[in-house]
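Please consult the sequence and model alongside the text.

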Amino acid sequence: MRVITQQSLGGPEVLTIVDAPEPRPLPTEVLVRVKAIGLNPLEALLRSGEFPPMLGRPPFVLGWDISGVVEEGSLTYRFRPGDEVFGMPLFPRAASAYAEVVSAPAVHLARKPASLSHAEASALPVVGLTAWQGLVDLGGVREGDRVLVHGGGGGVGHVAIQIAKALGAHVIATAGGSKREFVEGLGADEVIDYTAVDFTEAARGIDLVLDTIGGDTVERSLGVLRPGGHLVTAVAEEDTELVARYEAAGMRFSGIAVDPDPVALRGLVDLVEQGRLRVHVQETFPFERVADAHRLLDGGHLQGKLVLTL
């Protein structure tokens with residue numbers, strides 16, 4: 001099979017396609033013939049060395065988001081050969097998903113909804129599980145809550161808007177002006193163009209802020225929360241100084257360390273099947289053009305997700 005690997009840290013040019021032996025599934029794992037691979041900003045940071053080396057030093061194979069077809073199962077009752085599945089196996093350990101074949105724990109996968117293409121399904125797990133765990137598991141969002149989603153046009157943000165709306169929240173999202181129509185189409189009740197308006201002046205009485213941006217956005221969000229409000233961040237979870245500042249102000253501060261929770265994955269499938277959740281793929285790239293995809297990933301400001309297809 002072919003895999004995309006790298007021998008050194010660096011720019012997109014370090015990603016190379018090589019031949020490798022197919023993995024063998026362990027008990028309770030299945031072998032998946034990959035049809036599409038979702039790309040995430042974390043992978044660009046790991047490729048370049050800008051993020052702590054959770055995969056160790058090169059060589060390694062990036063990737064977690066997959067959609068494909070089960071080829072072989074060991075001692076598992078969950079899937080049969082021919083089943084179409086998707087998921088985020090093994091995170092944060094290496095899933096080596098930039099590959100034609102992946103061996104994954106069956107419990108980390110779900111059946112692909114028929115309404116999603118493989119490209120769309122592969123784009124959902126990391127961002128969908130992050131949003132679900134932030135809003136449902138950590139945030140406990142309920143009907144009538146006021147939720148502010150930072151980065152509403154991005155990967156996590158565009159899914160989070162839809163989940164929050166499905167929970168009955170009033171959703172405010174920050175996004176660049178070029179993404180306003182897109183974000184409104186996802187169901188956001190209010191859109192704040194952060195390039196023209198200071199969100200701290202446009203939002204008040206927020207029950208929960210979901211942050212996907214980091215930087216001073218997290219600190220400034222303190223001022224928009226109602227007393228006892230809650231900030232959940234996907235990018236600043238280890239900032240102990242900020243945690244102390246929020247707690248001193250009587251607010252809650254939580255960080256998301258996403259995991260391949262099968263209950264949450266099933267929850268995402270249910271929303272898709274109810275027609276209440278869709279995933280947006282900005283662009284697909286053939287497997288061979290992974291470097292081009294990573295160049296776009298490096299640029300940021302994406303609308304939804306990027307996907308490799310096989």
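**Positive phi values**

Leu-90 lies in the loop between strand 5 and strand 6, strands being DSSP runs of E with at least two residues and helices runs of H or I with at least four, numbered from the N terminus. The model is predicted, so local features need pLDDT of at least 70 and side-chain atom pairs count only at pLDDT 80 or more, while totals for chains, interfaces and linings use all residues. Residues are numbered from 1 along each chain as its sequence is written, and side-chain values use heavy atoms, without hydrogens and water.

- Leu-90 is not a glycine, yet its phi is positive, near 75°.
- Leu-90 is buried at 13% relative accessible area (buried is under 20%, exposed over 50%, partly exposed in between, with a 1.4 Å probe and protein chains only).
- Thr-28, also not a glycine, has a positive phi of about 75°; Thr-28 is partly exposed, at 48% relative accessibility.

**Cis peptide bonds**

- The bond from Phe-91 to Pro-92 is cis, with omega about 10°, and Pro-92 is in the loop between strand 5 (84-87) and strand 6 (101-105).
- The bond from Pro-58 to Pro-59 is cis, with omega near 5°; Pro-59 is in the loop between helix 1 (41-48) and strand 4 (65-73).

- Ser-221 occupies the loop between helix 7 (216-220) and strand 12 (225-233), and is buried at 0% relative accessible area.
- Beyond its neighbours within four places in sequence, Ser-221 is in contact (heavy atoms within 4.5 Å) with His-150, Phe-199, Val-209, Leu-231 and Tyr-246.
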